[in-house]
Amino acid sequence: MSVAVIGAGAFGTALAITLGRQGPVTLWGRDVAGMQAERQNPRRLPDVHFPDDLTVSTQLETALAADILLMAVPMQALAGFVSSHDLSGKTVVACCKGIDLNTGFGPAKILETAQHAAVLTGPSFAADIARGLPTALTLACSQDAVARDLQAQLSTPTLRLYRSADVIGAELGGALKNVIAIGCGAVMGAGLGHSARAALMTRGFAEMQRVAGAYGAQADTLMGLSGLGDLTLTCTSDQSRNYQLGLALGAGRAFDASVTVEGAATAQALRRVAADRKLDLPICGTVADLVDGHVDIKGAMDLLLGRPLKEE
Ligand SMILES: NC(=O)C1=CN([C@@H]2O[C@H](COP(=O)(O)OP(=O)(O)OC[C@H]3O[C@@H](n4cnc5c(N)ncnc54)[C@H](O)[C@@H]3O)[C@@H](O)[C@H]2O)C=CC1
Ligand SMILES: O=C(CO)COP(=O)(O)O
């Protein structure tokens, strides 16, 4: 089965590199002439050379002819891409994390025009995957045979995939942990301490479970790689761009708006989720306000700490 990665940013490139170390893979991106010439992605993953089996293509039709497509464009670009390309007959794996702001849908729902849709999510930084450091991710697909095929095709000696049938649980874990990571970065950026971060992570995890439960996800999924695993990584590492945005907000510093920070739009999308599903999501809501500039870190903490006392 042929594999193509759509989107040549950090994550798409890293996936193509690890897959290309064990067999042919095509990497398609909008602006990849430099990558074709240099056989590396100098902007996102400098100094990691492409394996010989990795073909960088500017021909989208060629890439879309592959049997398996890994969609590694940012979440807010996914629906636009899908609406303008025919994915029927394809097995498509969403590699992006988030909730679409316009529709409130996660990646699997957006990919429902494909023959088979799956989600690849969990704790991994692109740089780690590209360098061949050990990583473990969740491959979620509702059809068991498809999940087994994808697990076998996409696992590599350093990238270990675990199967799950709980697509909604897996994708919500990946979407929501980014929002909590912005909050944790803000706490650390403002110098509020490790204890405050642990509290925010834990209470943020409770909100993740609340949202996932409302969508019918299995509780166990949130305890796995795609939930707790990715939450832990993203809330504690300054390699994370979501955490970095939080650090900047907490410290009152400017942040480069061109950086992909999925949690910012997802925090906004969660406002609608909270209203529609009548969910109490104080941390996610406060992160949305912080990102929007409606509150500063002091106002955000006052809001959270001033809430009525309750049972855990
Ligand atoms: N970077 C990482 O360590 C990881 C990223 N992810 C996820 O992967 C997704 C992509 O993130 P990154 O690759 O890191 O971002 P990135 O900012 O490095 O790259 C995004 C790429 O998508 C391209 N792109 C944007 N809109 C497009 C469109 N409409 N059509 C085609 N290409 C388009 C951009 O040109 C860019 O090359 C995100 O949802 C992120 O959460 C998941 C795990 C790890
Ligand atoms: O999803 C990631 C780690 O699993 C990457 O995190 P950032 O998008 O915050 O960099």
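Which residues are around ligand 2?

Reply: This is a predicted model, in which local features need pLDDT of at least 70 and side-chain atom pairs pLDDT 80 or more, whereas totals for chains, interfaces and linings use all residues. Residues are numbered from 1 along each chain as written, chains are lettered from A and ligands numbered from 1 in written order, and side-chain values use heavy atoms, without hydrogens or water.

The residues around ligand 2 are K97, G122, P123, S124, F125, K177, D230, L233, T234, S240, R241 and N242; a residue belongs to such a shell if one of its heavy atoms lies within 4 Å of the molecule. By class, three of the shell residues are nonpolar, five polar and four charged. Here Ala, Val, Leu, Ile, Met, Phe, Trp, Tyr, Cys and Pro count as nonpolar, Asp, Glu, Lys and Arg as charged, and the others, Gly among them, as polar. Helix α11 (225-236) and helix α12 (241-251) each supply at least two residues of this shell. The largest share, three residues, comes from α11. Helices are DSSP runs of H or I with at least four residues, strands are runs of E with at least two, and both are numbered from the N terminus.

Several of these residues make polar contacts with the ligand, a contact being a pair of N or O atoms within 3.5 Å. The side chain of D230 places an N or O atom 2.6 Å from an oxygen atom of ligand 2. For the side chain of K177, the corresponding distance to an oxygen atom of ligand 2 is 2.9 Å. R241 takes part through its backbone, with an N or O atom 2.9 Å from an oxygen atom of ligand 2. The protein buries 92% of the 300 Å² that ligand 2 exposes when taken alone, with areas from the Shrake-Rupley method and a 1.4 Å probe.

K177 counts as buried because its relative accessible area of 5% is under the 20% limit; over 50% is exposed, and values in between are partly exposed. UniProt, in an unreviewed entry, places the feature "active site" at K177. UniProt positions follow the numbering used here, feature names are shortened, and annotations may be inferred rather than shown by experiment.

Two residues of the ligand 2 shell lead on to ligand 1. K97, listed around ligand 2, has a backbone N or O atom 3.0 Å from an oxygen atom of ligand 1. The side chain of T260 has an N or O atom 2.5 Å from an oxygen atom of ligand 1, and a polar side-chain atom of R44 lies 2.6 Å from an oxygen atom of ligand 1. Ligand 1 has 820 Å² of accessible area on its own, of which the protein covers 85%.

For residues 3-145, the unreviewed UniProt entry gives "domain: Glycerol-3-phosphate dehydrogenase NAD-dependent N-terminal". This span is 29% helix and 22% strand, with its end C-alpha atoms 18 Å apart.

Two loop residues deserve a backbone check. Most residues other than glycine have a negative phi. D47, in the loop between α2 (33-38) and β3 (54-57), has a positive phi of about 75° and is exposed at 65% relative accessibility. K278, in the loop between α13 (262-277) and α14 (282-292), has a positive phi of about 55° and is exposed at 73%.

As for the whole, the protein chain has 15 helices and eight strands. Its radius of gyration is 19 Å, close to the 20 Å of the globule rule for 312 residues, so the chain is as compact as a globular protein of that length; the radius is taken over C-alpha atoms, and the rule is 2.2 Å times the number of residues to the power 0.38. Along the principal axes, the C-alpha atoms fill a box of roughly 55 × 40 × 35 Å. Of the 312 residues, 54% are buried.

Methods:
Polar contact = N/O pair within 3.5 Å; in protein donor to acceptor, adjacent residues only side chain to side chain. Buried < 20%, exposed > 50% of the residue type's maximum accessible area, 1.4 Å probe, protein only.
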